[in-house]
Amino acid sequence: MLKLDNHLSGRHFLHIPGPSPVPSRVLRSISYQTIDHRGPEFGVFGLQVLEGIKKIFQTKQPVIIYSASGTGSWEGALVNVLNPGDHVLFYETGQFANLWRTLAVRLGLSVEVVGKPDQDTWRWGVDADVIEARLRKDTQHQIKAVCVVHNETSTGVTSNIAAVRKAIDAAKHPALLIVDSVSGLGSAEYRHDDWGVDVTVSGSQKGLMLPPGIGFNALSPRAIEVSKVNKTPKSYWAWDEILESNKTGYWPTTPSTNLMYGLHEAMDMMMTEGLEAIFARHQRLAAACRHAVDAWGLENQSLDQDCYSPVLTCIAVPEGMDADLLRKHALEKFNLSLGTGLGKIKGKAFRIGHLGDCNELSLMAALSGVEMSLGAMGYKPKASGVVAAQEFLK
Ligand code: PLP
């Protein structure tokens, strides 16, 4: 166990936008004894997990479960459907779109980046018109895939994926639609089949309320067909062997048995609450958080009101304030972890996660910690964000 020099009493308030707090029920299920992953019990359990996860993605198609973080699952998606040198369109929304694009470059893909014209793309959701216009120009169909991030965790912006599919169809373009919903899945509305997504990439440590360590690729029939003739060298990430083993509830390699116990339990909790209720809870907590931000007189990193994230809120601090000092104070004084500003907004913004196993009072605790930390930084808020959020929630 991690040893710290000092002991902070009370519970730790983990309000980064993932990993999110793991509910006790899930933690307990992870602690069950590991079983033989080739034994008879495992096949039954494996089939249950593989069926259950389809409901979370809202798909009838297979979902690949990797022992990997989200980054591994990014790679898994690209190497199964894209050939070396293929041209791919990435839409820049923030740090995670950039990291994914960098990974694509390292894989030898030809990458083109688009974003919202004449705007700071880190403050807006995906503009589907930009994608449509670019695809219409590509009369030779050189672009093999469009890659977008559903919930940009670095900025707190959730993009309209259905609109991106519409744009691809309107341009009558055959590009595949590959979507990162690492931080959206299980918190923000997500419909893999209805939105016509070819591959959805996700991970365990956010809306699914699990520790890090499991990654996902949800597939479409077309993605599976394309993968069968794909030429990119790969082994661990290859879908074909996994899909074959999964038919009987097994994996070709040793799966993360204990994390899968946790996944089984978390999915049970999610189905009991209901996906629509989960999405509504996240929207409500996010709206309460934004009331607090407005009352403090601070700026939301997202300028795109239609794309405010239900998962997290990214808050720009005033000129002269160091957001990381504020975070340090919140951690040391109140045992509250807030998300750091990433990439080009490091030190200029911080993030409040309100995802997964979060309720009104856990959010209120985080908002109190932020308000007190703002005071400690010498900031005089316009009004109390805590009171504003309470008014909204009561
Ligand atoms: N994509 C998004 C939107 C993320 O938020 C993250 C991690 O926070 C990743 C990808 C990368 O996932 P991981 O850190 O699990 O590799």
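Contact here means heavy atoms within 4.5 Å. By that criterion, and not counting residues up to four places away in sequence, Gln 205 touches Gly 18, Pro 19, Ser 20, Leu 210, Pro 211 and Pro 212. The model is predicted. The chain has 13 helices and 14 strands. Its radius of gyration is 21 Å, close to the 21 Å that the globule rule gives for 394 residues, so the chain is as compact as a globular protein of that length.

**Overall dimensions and packing**

- The C-alpha trace spans about 60 × 55 × 40 Å along the principal axes of the chain.
- Buried residues make up 58% of the 394 in the chain.
- When contacts between residues at least 6 apart in sequence are taken, 75% of them join residues at least 24 apart.

**Cysteines**

- Zero disulfides are found in a search of the whole structure.
- A disulfide is a covalent bond between the sulfur atoms of two cysteines, and the cut-off applied to a pair of sulfur atoms is 2.5 Å.
- For Cys 147, the closest cysteine sulfur is that of Cys 307, at 19 Å, which is too far for a bond.
- Cys 147 counts as buried because its relative accessibility is 1%.
- For Cys 314, the closest cysteine sulfur belongs to Cys 289 and lies 11 Å away, again too far for a bond.
- Cys 314 has 0% relative accessibility and therefore counts as buried.

- Leu 89 is part of strand E3, which covers residues 87–91.
- With a relative accessible area of 1%, Leu 89 is buried.
- Val 148 is 59 residues from Leu 89 in sequence, and their C-alpha atoms are 8.6 Å apart in space.

**Gln 205 and its loop**

- Gln 205 sits in the loop that runs between strand E9 (199–203) and strand E10 (214–219).
- Although placed in a loop, Gln 205 counts as buried, at 12% relative accessibility.
- The cut-off for buried is under 20% relative accessible area, so the 12% of Gln 205 falls within it.
- The residues that Gln 205 touches include Gly 18, Pro 19 and Ser 20, as well as Leu 210, Pro 211 and Pro 212.

Key: Residues are numbered from 1 along each chain as its sequence is written. This is a predicted model: local features need pLDDT of at least 70, side-chain atom pairs count only at pLDDT 80 or more; totals for chains, interfaces and linings use all residues. Side-chain values use heavy atoms; hydrogens and water are left out. Helices (H or I, at least four residues) and strands (E, at least two) are DSSP runs, numbered from the N terminus. The radius of gyration is taken over C-alpha atoms; the globule rule is 2.2 Å times the number of residues to the power 0.38. Buried means under 20% relative accessible area, exposed over 50%, partly exposed in between (1.4 Å probe, protein chains only).
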